[in-house]
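The exercises below take a reader through one structure, each with a task and a solution worked out step by step. Please look at the sequence and the model first, and keep both at hand while reading.

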Amino acid sequence: MQRATCKLSLRITVLSVVAIGAFYALAAHCDETDHWSFRPLVDTAIPETRYDELAETPIDRFLFARLEQAGIEPAPPADKRTLLRRVTYDLIGLPPTTAEIDAFLTDDSPLAYERVVERLLASPRYGERWGRHWLDLARYADTKGYIYEGRESRRFFHSHVYRDWVIGALNQDLPYDQFLVQQIAGDSLATAEDRRPLAAMGFLTLGRRFAGNFYEIIDDRIDTVSRTTMGLTVSCARCHDHKFDPITSGDYYSFYSIFAGSYDKAAPLDRELPAEQAAFAEELRKRQAAYDEYIAGRTNDVLARVRARTADYLKATLDVESLPTEHEYRFLDADDINPVFVRQWHARLIRQNAEFDPLFEPFKATAYLGESQFADGFASWFSANESKLNRTIAVALTEGMPKSKVELAERIGRAFEKVNEAALATTKPLEPLPDESDEAIRQALYGPASPIHIPEGHSDELEWFFDEPTRVEMGKLQQQIEEWLVEAPAGAEYVVYLADRAKQPEPRIFENGNPAVKGEAVPRAFVQALSHCEEESFSQGSGRLALAKAIVHPKNPLTARVLVNRVWQHHFGAAFVSPPSDFGLRSEPPTHPELLDWLALRLIESGWSVKSLHRMIVLSYAYRQSSEASDAALASDPDNRLLSRMNRRRLDYEALHDSLVAVTGWIDPVVGGRSALDGSRNRRAVYAHVDRLNVPAVMKTFDVASPDAHSPERHETTIPQQALYLMNSPLLVERVRGLMARPEVAQATAAIERIEALYKIVFARQPTEKELAVGAALASAELAEPVRPPPDDWAYGMAGYDASQGKVTSFASLAEFADGAWRRQGDTARLDASGGAAAADNQLGVARRWIAPMSGAVRISGAIEHTSGEGDGVRALIVSSRVGELAAFNIKQSSADATLTNVQVQAGDVLDFVVLCRGDAAGDEFRWSPLVRREGEEVAGERNQWSAAADFRGPPPAPLTPWEKYAQVLLLTNEFAFVD
Amino acid sequence: MAATMNRLYSRRQWLTRCGLSVGALALTDLFAPIARAEQDSLHPLAPKRPPLAPKARRVIHIFANGGPSQVDTFDPKPALEKYAGQPLPQGNPATEFKTGGVLPSPFKFARRGESGLEISELFPELARHADDLCIVRSMTTDLPNHEASLLLMNTGDPRFSRPSVGSWVTYGLGSENQNLPGFMVLCPGGYPIQESDNWRSSFLPGAYQGTFVDSQHESLDKLVENIANPVLSRADQRQQLDLLAQLNAEHAGERQRDALLEARIQSFELAFRMQGDTARAFDLASEPLAAREMYGPGVHGRQLLIARRLLEMGVRFVQVWSGAGQPWDDHTNIAAHHRELATGFDRPIAALLADLKQRGMLEDTLVLFGGEFGRTPTGQLPDLSGRDHNHHGFTVWMAGGGVRGGYAHGATDEFGFRAVEKPMHVHDLHATMLHLLGFDHELLTYRYAGRDFRLTDVHGEVVHEIIA
């Protein structure tokens with residue numbers, strides 16, 4: 001097995017140590033594991049400092065010690081209002097309510113602050129806030145990223161079960177070691193009674209699917225696990241040993257084999273579905289059975305074909321490295337040599353075993369012979385070893401010594417094929433053959449260890465084993481299962497977890513990361529530099545449970561340090577170690593190494609209680625300091641590395657979104673549940689649907705973590721698109737109106753009183769005299785200008801139709817708009833983007849009106865369709881204001897092509913697309929969204945076509961009132977967006 | 001992390017620095033790390049000077065997604081006639097599907113311009129600009145699949161989440177117009193294959209992500225999100241921002257000067273101006289009739305004219321796609337469909353080149369045209385009416401931005417299947433593009449997950465022969 005040598009890393013270790021300088025003495029010998037983060041945790045005595053009387057917790061004395069050295073004084077404490085806002089945002093991601101502010105400001109007890117902290121830690125909102133931090137690390141999303149259309153569902157079914165598990169675990173203060181073990185090996189911990197640990201495994205299974213490329217799926221899992229838990233960039237060792245850190249390619253492929261030894265499996269979270277979901281369960285069973293039956297049949301067929309061509313497959317192994325891997329999609333016919341089986345054969349041929357292999361030893365023995373040496377080399381090897389070989393193989397080789405590797409593969413392959421034919425001829429291929437040697441061969445073709453097998457897994461991983469038509473069909477069947485699951489009734493929750501494979505792969509290095517080029521075999525084990533944490537053998541199953549236990553082993557110094565660093569990062573807006581998911585040799589050394597270790601040890605002592613860790617931190621003096629710096633502190637520590645003050649922070653996307661909901665007083669208090677597809681209206685941002693391929697622009701704009709990969713810290717950019725969102729988005733208007741509708745605001749009659757109510761909600765304080773004056777001035781003034789709605793060439797109304805004249809004699813706009821359609825109150829009449837429904841009237845029809853903005857000839861196209869089985873259908877008309885009725889169609893459970901060419905219009909003319917009831921008012925829904933297009937050459941720079949579907953709009957939103965215009969400004973302020 | 005770095009200033013420090021920070025967007029040196037970090041978080045799109053002398057200052061990448069056929073467009077192969085219907089003498093290289101006998105091009109080639117570059121009849125208008133074109137006939141990529149090849153062309157990596165070329169370029173150079181996104185992506189009708197992965201910023205900040213515009217739309221509010229306020233007039237919004245500035249000033253006055261607070265104050269003023277600039281960029285009615293006619297009707301004429309306006313207004317990187325899905329993916333019926341596609345593009349692209357030239361912009365605008373790969377000279381089985389994907393050899397062309405006009409670089413074999421002379425991998429194309437923009441591709445890096453990442457990973461050679 002490859003292990004890191006000192007050559008490369010010596011220089012780097014020395015350089016880093018110099019950089020660490022003040023904190024660590026020079027390493028005594030060349031060993032990367034002597035890097036600070038790999039050393040055991042050190043319990044330093046709490047220092048004594050001149051500021052000790054300010055100290056609230058031991059944390060302060062560690063911080064003060066550094067400040068004292070640097071000659072900087074700690075900042076004064078923050079005022080109570082600032083502190084309450086800070087700790088509330090920090091712990092639950094929401095602003096304090098006015099009642100909470102009043103209670104805290106009037107509570108003079110020395111325990112007032114502690115009580116607030118306890119209240120916040122006990123709030124279910126806590127898990128929603130800190131769960132979101134964790135979901136960034138877990139690269140959580142509700143969709144799979146790019147997949148092939150028609151092969152599976154784009155969405156994960158029930159990804160929310162994992163999100164809710166995280167929130168619940170944090171709310172319950174599940175010890176952090178268990179929190180991790182369940183997420184990595186929940187399958188080993190789940191019992192018949194409690195299957196919740198399976199939900200935890202979304203941590204592994206909700207990553208990108210890479211269109212079924214399992215090398216990438218596994219790489220993503222290795223990266224997520226190692227960076228999240230230990231701050232180790234194990235993925236850097238995929239192609240070669242890590243350039244800087246003590247992580248070898250062997251370590252990577254050891255991890256790789258652990259995850260390659262597991263497969264994705266779907267299961268209901270509750271063992272028994274409630275009786276009312278029987279119909280759902282039955283349909284699911286049917287769809288699953290259809291898939292299983294199809295795969296079983298195709299598997300038998302494929303395996304039979306591969307067995308029958310053993311000679312071709314053995315020959316193909318000679319050139320295995322030239323075959324395309326799963327990185328490349330090739331269309332395969334059923335008769336093509338499938339590279340996946342060639343690689344399985346190859347893995348079998350190079351399998352590590354000390355004993356002589358009577359079937360395949362000839363391949364191993366001649367692997368290193370050149371073609372020119374082969375004939376002689378093989379002959380002499382054969383004469384020395386013939387007696388140890390399988391008789392059938394030996395006989396086949398004796399019939400004519402192979403002169404080349406190809407011939408060797410051909411001979412042995414043919415011998416296999418003959419035995420296979422004999423076995424099939426018995427019509428019971430699974431019966432043992434009488435001849436012992438033949439039986440050994442039959443076992444190699446059919447037995448549990450045969451390379452001719454298809455492992456367990458999701459269809460997107462298994463499709464590589466099949467020809468193109470099978471891939472398409474299995475994908476279709478898989479999609480039917482998944483789409484059914486996505487729509488499962490509430491209460492029937494399914495999870496995808498990892499289960500250990502029956503047959504574990506042999507771990508081998510892929511040279512340069514190329515799976516076609518197998519290198520050395522490696523033991524399945526923990527990162528060698530941390531081998532002292534490995535207590536259990538990794539040979540049990542896939543080894544995932546042993547891996548999880550090694551990660552949380554008390555002697556593993558990384559896990560506790562990494563978590564403490566993350567929690568600190570979120571409380572102070574700055575971490576001890578940065579970047580927080582790289583504790584390797586290239587990361588910055590910790591700013592406060594003794595404190596980091598002291599907290600890590602206390603975390604472990606507390607039984608890994610994350611809430612205890614929060615308590616220690618937020619109760620400290622340091623946390624309660626003002627964010628204003630003295631000039632001296634600014635001069636000597638401008639970046640505030642020593643924390644002589646609190647860092648001012650801007651609300652992240654979630655806190656901003658949630659605050660905007662909170663000011664309306666409408667925030668939805670339900671914890672958990674399926675992702676909100678509608679942009680989560682009044683739900684907290686943590687519940688929004690996250691589509692990997694289509695992260696809403698507003699989220700990207702506000703620097704939400706990319707769900708493509710583990711994300712340890714967010715960017716914090718300031719760009720005008722953020723401002724545009726706050727200034728112009730319809731959602732903001734909705735929030736502003738919600739704020740103005742709150743009783744304390746709406747019922748305030750005097751302007752001053754109303755502004756005070758707004759300030760209390762938005763800023764948790766009284767306005768100043770000046771703020772009152774400027775606010776009242778704007779809110780009481782008339783609007784400067786009316787708003788102009790965007791130009792629209794379409795109108796929606798009820799048209800009176802006079803059949804005798806063939807003319808529309810009246811047109812009354814529809815006044816009501818709801819659920820994406822224009823409607824008439826108390827009636828079926830409706831028009832939406834794709835069609836509508838007629839009114840119960842044969843003279844007054846629903847009409848979509850196009851108002852010509854130009855003069856010339858147009859062509860009208862688009863089919864009208866009536867599908868309802870009820871009633872007598874509808875009558876559709878196209879009527880021009882210039883020439884009258886142009887066309888009429890009576891349709892009933894049928895469709896008509898409503899195409900008209902060369903229709904002459906003058907600017908201002910209208911064309912009405914009228915639909916009338918035909919007597920029976922039932923079942924009058926129709927589909928009709930006409931397209932109007934200019935005839936002949938298009939005119940550059942002008943509109944050339946008008947699509948009823950694409951141009952469809954609801955009514956323009958109501959303009960803001962002066963008060964709403966004013967209230968919006970408060971939500972745009974820095975005071976609202978920043979926490980001191 | 002960057003957010004807290006050197007953010008607060010004493011008043012004296014502030015006065016000496018505010019010229020740099022407050023809306024000023026002064027050019028900064030890419031290699032002054034502290035200033036750089038601060039600029040990146042507060043003004044991520046502030047224009048930056050590249051370390052080397054640039055030949056190109058902006059890029060337009062016209063993406064013929066789906067994979068146009070080189071032997072039908074810019075890489076003439078007379079041998080195809082001779083071998084019509086026969087398999088290639090050395091056997092057909094493996095591609096995604098199986099291909100059969102040679103399919104000669106249904107299109108005629110002719111020498112064009114003083115340079116005599118051969119271009120097929122599919123691009124008669126573009127061919128008038130032959131002397132400006134630098135045709136690379138020896139491109140190669142790794143795999144014959146759309147997904148991997150789109151990602152490689154757009155992000156330099158076929159599999160992982162990596163920043164796109166446009167993101168790297170705007171990260172490196174910022175943008176010349178703070179009132180518009182620095183990197184815009186126009187595609188009519190929806191997303192191409194692999195969707196927004198093609199213009200993602202990945203681990204770079206979101207400000208460098210391509211801003212997607214569905215260019216089939218014609219009304220501004222459907223083209224760009226949140227660009228106008230539907231419920232308040234501009235005059236009233238101005239009053240809002242005046243009050244906002246006042247309230248923010250009060251708030252800031254009670255605190256130490258904080259660059260982050262200042263930047264956010266500025267961002268509202270920028271946003272207000274951005275509404276006007278964006279509306280202007282997309283408003284083709286203000287374009288003279290002659291220009292509109294030169295670009296022609298149809299969606300490509302419209303979107304390339306918008307693209308030219310964006311470039312002129314200072315957007316750093318514009319990517320214009322052929323359409324949703326994979327329009328050029330002609331596995332069957334290539335004769336009719338390639339003609340249809342080329343006809344839609346030919347006049348607008350020719351107009352773009354003429355327009356840029358006329359405005360003196362062509363010399364420092366790098367125009368790149370191409371797909372994610374090419375197509376096989378052999379016909380795809382069973383009916384041989386189309387061509388399969390070909391990663392072994394394909395063609396892209398460039399114009400302007402310091403490239404050598406009237407020049408064909410490299411060559412494929414006699415059938416146009418494999419690049420054999422001066423093969424140029426996608427990484428080499430990226431290295432060369434960055435070079436033209438003033439970067440050493442090995443030094444434009446970003447530290448993430450324990451590594452310094454770059455567009456070209458560990459690959460890429462600058463191809464100096466294609467530089468004028």
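This is a predicted model: local features need pLDDT of at least 70, side-chain atom pairs count only at pLDDT 80 or more; totals for chains, interfaces and linings use all residues.

**Exercise 1. The contact between the chains**

Solution. The next step is the area: about 8,400 Å² is buried between chain A and chain B, and carbon and sulfur atoms give 53% of it. Turning to charges, the count between the two chains is 9 salt bridges, one of which joins the side chains of Asp708(A) and Arg200(B), with 3.4 Å from N to O. Across the interface of chain A and chain B there are also 38 residue pairs in polar contact.

**Exercise 2. Cysteines and disulfides**

Find how many disulfides the whole structure has, and explain what the sulfur of Cys236(A) has to do with the closest cysteine sulfur.

Solution. A search over all chains finds 0 disulfides. A disulfide is a covalent bond between the sulfur atoms of two cysteines, and the cut-off used for such a pair is 2.5 Å. The cysteine sulfur closest to that of Cys236(A) belongs to Cys239(A), and because the two are 9.9 Å apart, they are too far from each other for a bond. As for accessibility, Cys236(A) has a relative value of 16% and counts as buried, and Cys533(A), at 1%, counts as buried too.

**Exercise 3. The surroundings of Arg343(A)**

Locate Arg343(A) in its helix, decide whether Arg343(A) is buried or exposed, and list polar partners of its side chain.

Solution. Arg343(A) is part of helix H15 of chain A, residues 339–349. Its relative accessibility is 5%, so Arg343(A) counts as buried, the limit for this class being under 20%. The side chain of Arg343(A) makes a polar contact of 2.9 Å with the side chain of Glu326(A), and the side chain of Arg343(A) also reaches the backbone oxygen of Pro324(A) at 3.3 Å. When residues up to four places away in sequence are not counted, the residues that Arg343(A) touches include Tyr215(A), Val320(A), Pro515(A) and Lys518(A).

**Exercise 4. The surroundings of His160(A)**

Which side chain makes a polar contact with the side chain of His160(A), and in which helix is His160(A) found?

Solution. His160(A) is found in helix H7 of chain A, residues 160–171, and with a relative accessible area of 6% His160(A) is buried. The partner in the polar contact is the side chain of Glu493(A), at 3.4 Å. Leaving aside neighbours within four places in sequence, His160(A) is in contact with several residues, among them Tyr140(A), Asp142(A) and Arg674(A).

**Exercise 5. Backbone features in loops**

Where do Pro579(A) and Asn640(A) lie, and what is the backbone like at each?

Solution. Pro579(A) is found in the loop between helix H24 (557–572) and helix H25 (593–605) of chain A, and the peptide bond from Ser578(A) to Pro579(A) is cis, with omega near 0°. Asn640(A) lies in the loop between helix H28 (631–636) and strand S5 (649–650) of chain A. Phi of Asn640(A) is near 60°, a positive value in a residue other than glycine, and Asn640(A) is buried, with a relative accessible area of 2%.

How values were computed. Residues are numbered from 1 along each chain as its sequence is written. Chains are lettered from A and ligands numbered from 1 in the order in which they are written. Side-chain values use heavy atoms; hydrogens and water are left out. Buried means under 20% relative accessible area, exposed over 50%, partly exposed in between (1.4 Å probe, protein chains only). Buried area is the accessible area (1.4 Å probe) that two parts lose on being put together, summed over both. A salt bridge is a side-chain nitrogen of Lys or Arg within 4 Å of a carboxyl oxygen of Asp or Glu. A polar contact is a pair of N or O atoms within 3.5 Å; within protein, one must be able to donate a hydrogen and the other to accept it, and residues adjacent in sequence count only if both atoms are side-chain atoms. Helices (H or I, at least four residues) and strands (E, at least two) are DSSP runs, numbered from the N terminus. Contact means heavy atoms within 4.5 Å.
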